[in-house]
Amino acid sequence: MTRAVFALVLALAAARGTAVAATATDGAGGAPASASPTPTPVQTDSFPRKNVPALVKEVFARDVSFCHDPKYPLTPDEVKWCALLPKNDARCPELARACSRGATAELVGQRARRADQGTSLSVPMAPLPIRALLWIMLALVVAFVVYAIGKQALAQRAPDNEEAIEIATAAPEDPAAAIARQIETDVQRLLERARAAAAAGNYVAAVDDAYAALLRKLEGAGVITVESHRTNGDHVRDVGRQAPALRPRMQAVVHNVEEVQFGGGAATESRFRSVLFDVTGLLGEKLAAWLPFAVKLALGLGLAGLVASCHFDRDRERWERSTSGRNLVVDLLQRYGFTPRERLAPLSKLDQTVSSLLLLPGASVDEDGWQSIATWVAEGGTLFVAGGNHTLPTWIGATVVNDAAAAATSVSPSTSPSPLTVPSDQANRLPKVSAIVPGDRHVQITHAASNAQQVNEAGDEGDEPPVPLLFRGKALYAVERSYEDGGSAVVLADDHLLSNVSLLVGDNALLLVELLRPGGQKLEIAGELTGLVAKNPITSVQRSRLAPALLQLSLLILLFFVFKGAHFGRPVDPTAGTRRAFAEHARAIGLQYGRKRAGRHALEIYGSYALERMRERLNLSGGKGLLAVAEEVATRTGRPLGDVMRVLVESRPSNHPPSDLERDAAIQEANAAKDLATLRDLATLLQHGTLGGSQPPR
Amino acid sequence: MNVSDLKGKLDRIRAEIGRAVIGQEDVVEHTLIAVLARGHVLLEGAPGLGKTLLVRTLGRVLGCESKRIQFTPDLMPSDVTGGNVFNQQRGAFDFLRGPVFTQLLLADEINRAPAKTQSSLLEAMQERSVTIDGTTRPLPEPFFVIATQNPIESQGTYPLPEAQLDRFLFKLDVRHPTTANEKAILASHLAGFDASALDRMGLQRVTTPEELVAMQTAIRGVRVDDSVLEYIADIVGRTRSHRSLYFGASPRASIALLAGAQAHAIAAGRNYVIPDDVKALAPAAIRHRVGLQPDAEIEGVSADDCVAEILREVRVPETIAA
């Protein structure tokens with residue numbers, strides 16, 4: 001990278017004000033510390049070395065399926081590892097036998113991936129307690145559905161013959177039982193109590209209990225609603241609406257019961273038997289319970305489906321545990337001291353909290369992503385590129401070449417895997433190891449051409465070119481380029497070192513750890529899922545595969561509200577028209593007067609107005625008193641003079657303040673009604689007593 | 001006369017009335033119940049809903065002598081009750097009986113007459129007698145008044161005084177017919193039905209006045225449990241403390257409700273009253289006996305709303321609800 005580019009990057013970093021104190025990197029050959037005080041160094045805390053072979057042994061001590069299944073299916077790519085594996089490896093005893101069967105798996109989920117197809121580490125699984133809870137919930141729902149079906153089936157098989165009317169013997173009812181009678185809601189207990197009461201000779205209570213059992217059954221089935229204000233007739237009508245065929249039988253039961261309750265009919269054994277016979281018959285009917293039962297069933301199935309649809313991505317999980325997978329690699333790194341984490345956020349948001357970034361073949365990096373990575377590397381981050389078909393930016397100074405596809409390459413593809421060797425000048429960077437991986441890719445350094453171009457453009461010629469880190473035969477397997485500002489970039493020919501089976505081969509595990517170690521503990525792995533940020537909620541739901549679950553949840557909510565009959569919102573009256581009649585305004589004003597208890601005030605005002613109009617219309621403006629007006633109005637309307645006079649007098653303003661008694665709320669309310677009546681009378685007199693027309697109402 | 005006989009008679013009366021009056025089943029039912037309970041009925045509704053037709057048909061089917069008074073603003077009390085008229089030949093006063101001396105009196109548009117004329121019916125409706133110039137003359141049995149009135153919002157009407165309203169057993173709202181019923185009415189008229197010529201319809205007389213009196217007497221024997229009495233008292237009592245009511249129903253409302261419930265039980269083929277009987281008749285028996293608070297009236301609360309609210313609050317006897 002040229003100085004100019006780095007200067008620009010550093011200026012941007014400084015402008016964001018993200019500078020933090022520089023920390024030294026690991027001294028075992030890591031990226032050099034930045035000499036510049038301006039960049040914000042990536043935190044690359046050192047951590048102690050551990051015994052890698054021992055850790056590998058611990059990792060394979062787990063229940064690794066490909067190590068303990070002699071018939072474990074291997075893909076052709078995986079079979080290439082077989083020749084490299086140690087014989088009689090105690091860590092993975094059955095893998096050799098699986099290898100002897102050859103490639104038996106072409107397509108087993110993601111395991112049959114193409115060589116160039118990108119893969120990534122899985123999203124961490126839901127914790128075991130949560131999964132256990134979900135399965136327990138599912139089991140409970142299934143049990144509930146089975147129970148509901150069984151209960152319904154048993155209810156339909158309830159005997160309705162004479163045997164059902166066997167009267168049990170029981171002790172006479174005591175007062176406590178009488179109290180309990182008021183609140184008993186269980187159908188079977190009510191029936192048993194009815195039989196017990198009948199056995200004790202208390203047929204009134206027996207009939208009541210038998211009938212109560214029927215009502216409770218109907219209530220439970222959602223056919224009727226038992227409330228204190230609802231009569232038997234209400235229940236019969238409800239039954240008639242929901243199960244018309246049962247109405248006559250229900251009516252017969254009610255008739256029998258009401259004869260005892262209200263008709264003075266004797267509660268005899270025969271009547272009780274009749275009631276019980278009808279009740280047990282009705283209890284055995286399906287009633288209209290299908291609706292609530294269907295709702296419950298739908299709720300149960302919906303919940304079960306919801307739980308079952310929680311996507312665990314089993315194919316992905318299986319691939320991760322395969323020979324080509326990476327779960328054991330991640331386990332090893334964790335045991336060693338790394339904190340590997342799959343990166344989901346876009347690379348454009350890469351920040352200093354990440355010390356190293358491992359770019360897998362499946363990762364998709366756009367222009368912004370590379371720009372962000374450049375900034376991050378400039379601040380001390382360590383980038384690892386594990387093969388793939390990425391078009392690497394020139395500032396890395398290297399690229400990956402596929403030997404099989406690139407016939408024009410200067411390096412001939414090797415027919416058999418060669419061991420990986422560390423060049424002598426990298427003895428401080430990597431230990432001398434015996435490592436080997438299959439594959440037909442190599443790394444090519446492109447720095448020279450790139451650098452020449454950059455020199456022409458920016459006049460910058462101070463960067464060190466990439467240096468070989470690992471050779472596979474004569475071909476380059478890994479190169480590293482360090483930048484003077486502290487960061488570094490390592491390019492590997494492929495990602496084979498990061499597969500589970502690689503840990504069993506030679507010192508591959510040690511080599512991997514030592515390669516990654518300079519980058520620091522906070523390792524993020526960028527794969528297929530990195531940067532898959534949805535641009536809208538619909539895409540987000542689609543990518544998260546939650547659409548079925550959300551649809552089911554919506555259906556459940558809808559069913560629940562339909563079942564409960566609840567409103568989806570607060571019930572409101574229909575919106576009134578924007579234009580209101582004059583009468584509505586008048587009523588509104590009247591309402592305000594009424595609420596303020598100002599009826600008297602309104603009457604007085606209207607009284608003065610009405611008296612003036614009367615005098616004017618009756619031509620009594622010569623100082624005539626109330627009596628003259630009243631006489632004229634009475635003559636015209638045919639109403640008694642006293643009545644008219646009373647209305648006129650009562651509508652006149654009062655000259656004395658209201659007394660304490662009149663301030664009493666009850667008196668005020670009574671007076672308000674009286675004032676309203678007077679007001680109406682006065683309006684009638686004014687209209688009909690002075691203008692003629694039909695007779696006025698009182 | 002047993003319950004089944006009574007019910008059979010009522011069913012026949014209903015069927016016969018149904019030949020002339022299409023729809024309005026509730027009004028017909030309540031009117032018959034009121035007749036059995038020796039009560040008077042106030043029918044309220046817009047003009048043209050068949051109120052007068054119902055009463056005239058009822059008179060024919062019940063076999064009762066019926067008369068009609070068209071109430072007008074200038075109608076005088078003596079026009080209703082009759083009065084003493086000087087006979088010049090005898091040189092003495094003769095009593096000229098007014099139209100009230102009948103068995104079924106149709107007081108048509110009763111709210112068009114002034115209160116003093118309306119009040120002339122007070123004694124007749126309550127005591128079933130008429131007192132004129134100190135002489136009390138009994139009215140024939142059976143005697144019942146069916147009054148009609150237009151809604152009080154109409155022009156030129158006099159609202160009935162509370163005392164007058166209280167004399168009516170039921171106040172029934174006659175509503176507009178459904179579309180289907182209206183179509184049936186049109187078809188009936190198309191077929192030649194003439195409301196002013198009921199003779200030509202051949203309506204059959206189902207009862208005689210004597211039988212009707214016997215039925216009214218039999219109604220009184222219908223059993224009413226104490227719990228039902230308590231239920232009635234509770235309902236009526238709550239009208240006196242309801243927040244939207246200026247004044248509540250009088251004990252006469254309780255009596256009316258009781259009598260109506262007994263008749264309702266007979267109509268259902270029972271010789272005992274159940275809470276359903278009371279509940280079914282409570283609005284008709286109470287709505288005209290209560291007064292609304294001014295604010296409630298302004299806010300559009302009706303007496304029926306108050307009664308419905310009370311019925312939702314009062315506990316039905318023998319219910320299993322906790």
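This is a predicted model: local features need pLDDT of at least 70, side-chain atom pairs count only at pLDDT 80 or more; totals for chains, interfaces and linings use all residues.

Residues are numbered from 1 along each chain as its sequence is written, and chains are lettered from A and ligands numbered from 1 in the order in which they are written.

Let's start where the chains meet. Here 34 residues of chain B are in contact with 32 residues of chain A (contact is C-beta atoms, placed from the backbone, within 7 Å). On the chain B side, helix 12 (275-286), helix 13 (294-298) and helix 14 (303-313) each give two or more residues; helices are DSSP runs of H or I with at least four residues, strands are E runs of at least two, and both are numbered from the N terminus. That side of chain B divides into 19 nonpolar, five polar and 10 charged residues (Ala, Val, Leu, Ile, Met, Phe, Trp, Tyr, Cys and Pro are nonpolar, Asp, Glu, Lys and Arg charged, the others, Gly among them, polar).

Now over to chain A. Strand 9 (residues 475-482) of chain A has seven of its eight residues buried, so the rest of the structure largely encloses it. Buried is 20 or more other C-beta atoms within 10 Å of a residue's own, exposed is 12 or fewer, and partly exposed is in between, with C-beta atoms placed from the backbone. Strand 9 of chain A runs antiparallel to strand 8 (residues 467-472) of chain A, with five bridges, and antiparallel to strand 10 (residues 488-492) of chain A, also with five bridges; pairing takes at least two DSSP bridges.

What about the inside? The largest nonpolar core has 92 residues, and B:Leu257 and B:Ala285 touch the most other members (a core is a set of buried Ala, Val, Leu, Ile, Met, Phe, Trp, Tyr and Cys residues joined through C-beta atoms within 7 Å). Helix 11 (residues 251-267) of chain B gives the largest share, 10 residues.

Last, the backbone. A cis peptide bond, omega about -15 degrees, joins B:Glu141 and B:Pro142. A:Asn88 has a positive phi near 55 degrees without being glycine, and A:Asn88 is exposed, with 6 C-beta neighbours inside 10 Å.

Notes. Two residues are in contact if their C-beta atoms, placed from the backbone, lie within 7 Å.
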